[in-house]
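Please examine the sequence and the three-dimensional structure shown here. The paragraphs that follow lead through them step by step.

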Amino acid sequence: MVKIGYDIYDSIIGKLYVVVSDKGVERVLLDKDEFDNYIQKNDIKEDKDICRETIRQLSEYFNQSRKDFDLKINIDTTEFRKSVYNEVIKIPYGQKRSYTDIAKAIQNEKAVRAVGQANRVNNIIIIIPCHRVIGKSGKMVGYAGNKIDIKEKLLRLEERF
């Protein structure tokens, strides 16, 4: 039986709702309603121990003593989205790529909108750093739904390190 639990981390961008299992990080969410629905649907209980390492690394990221995460992730999604997330994870700390860049990197140049959609539904924010993906023109577009202000805050944080 897979052990799974959650914890809540108060970060500089607000509460982060963290879900971790024996298989890896399952969720890092900003939206409380989405989190509540997920844990109720899956009957997940609070478990600070299983989340401890993820919370520690998130804290180090926000304290600017960590640029890269060393965590196993477990994301249940399509192969296309996994390819997008695997490419997004490669974006170096403090750098940005466009949705077009990601589409080209996964060898699917026409999938720019699908790349955007994959980033929009990313359930492991920050660790899968979709905040580093911007519009081709350099414009800030979409983050965790409509939270562009948080995307900008994360990018500013990374610029200062």
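**Two crossing helices**

Helix α3 (residues 79–88) and helix α5 (residues 112–120) have axes that come within 10 Å of each other and cross at roughly 80 degrees. Axes here are lines fitted to C-alpha atoms, for helices over the stretch in contact, and angles run from 0 to 180 degrees between N-to-C directions. Helices (H or I, at least four residues) and strands (E, at least two) are DSSP runs, numbered from the N terminus. The two helices α3 and α5 are therefore roughly perpendicular to each other; angles under 35 degrees count as roughly parallel, over 145 as roughly antiparallel, 65 to 115 as roughly perpendicular and the rest as oblique.

This is a predicted model, in which local features need pLDDT of at least 70 and side-chain atom pairs count only at pLDDT 80 or more, while totals for chains, interfaces and linings use all residues. Residues are numbered from 1 along each chain as its sequence is written, and side-chain values use heavy atoms, with hydrogens and water left out.

Which residues of α3 and α5 meet? From α3 come Phe 80, Arg 81, Val 84, Tyr 85 and Val 88, and they meet Ala 114, Val 115, Gln 117, Ala 118 and Asn 119 in α5. By class, this contact has seven nonpolar, two polar and one charged residues. Contact means heavy atoms within 4.5 Å. Ala, Val, Leu, Ile, Met, Phe, Trp, Tyr, Cys and Pro count as nonpolar, Asp, Glu, Lys and Arg as charged, and the others, Gly among them, as polar.

The sheet comes next. Strands of a sheet pair through backbone hydrogen bonds, either parallel or antiparallel. In this model, four strands form an open sheet in the order β3-β2-β1-β4, with mixed pairing. Strands β3 (24–29) and β4 (45–46) stand at the edges with a single partner strand each, so one side of each is left without a neighbour in the sheet. Two strands pair if DSSP finds at least two bridges between them.

Strands β1 (residues 4–11) and β2 (residues 14–21) are paired in the antiparallel sense over eight bridges, and they form a hairpin with two residues between them. Within this pair, Ile 4 has Ser 21 in β2 as its bridge partner. Strand β2 also pairs with β3 in the antiparallel sense, over five bridges, and Tyr 17 has Leu 29 in β3 as its bridge partner. Six of the eight residues of β2 are buried, so β2 is largely enclosed by the rest of the structure. Buried means under 20% relative accessible area, exposed over 50%, partly exposed in between (1.4 Å probe, protein chains only).

Helix α1 (residues 32–42) lies across β1, β2 and β3, at about 25 degrees to β2. Helix α2 (residues 48–62) lies across β1, β2, β3 and β4, at about 30 degrees to β1.

Is Thr 54 buried or exposed? Thr 54, which is found in helix α2, counts as buried because its relative accessibility is 3%. Not counting residues up to four places away in sequence, Thr 54 touches Val 18, Val 20, Val 25, Leu 71 and Ile 127.
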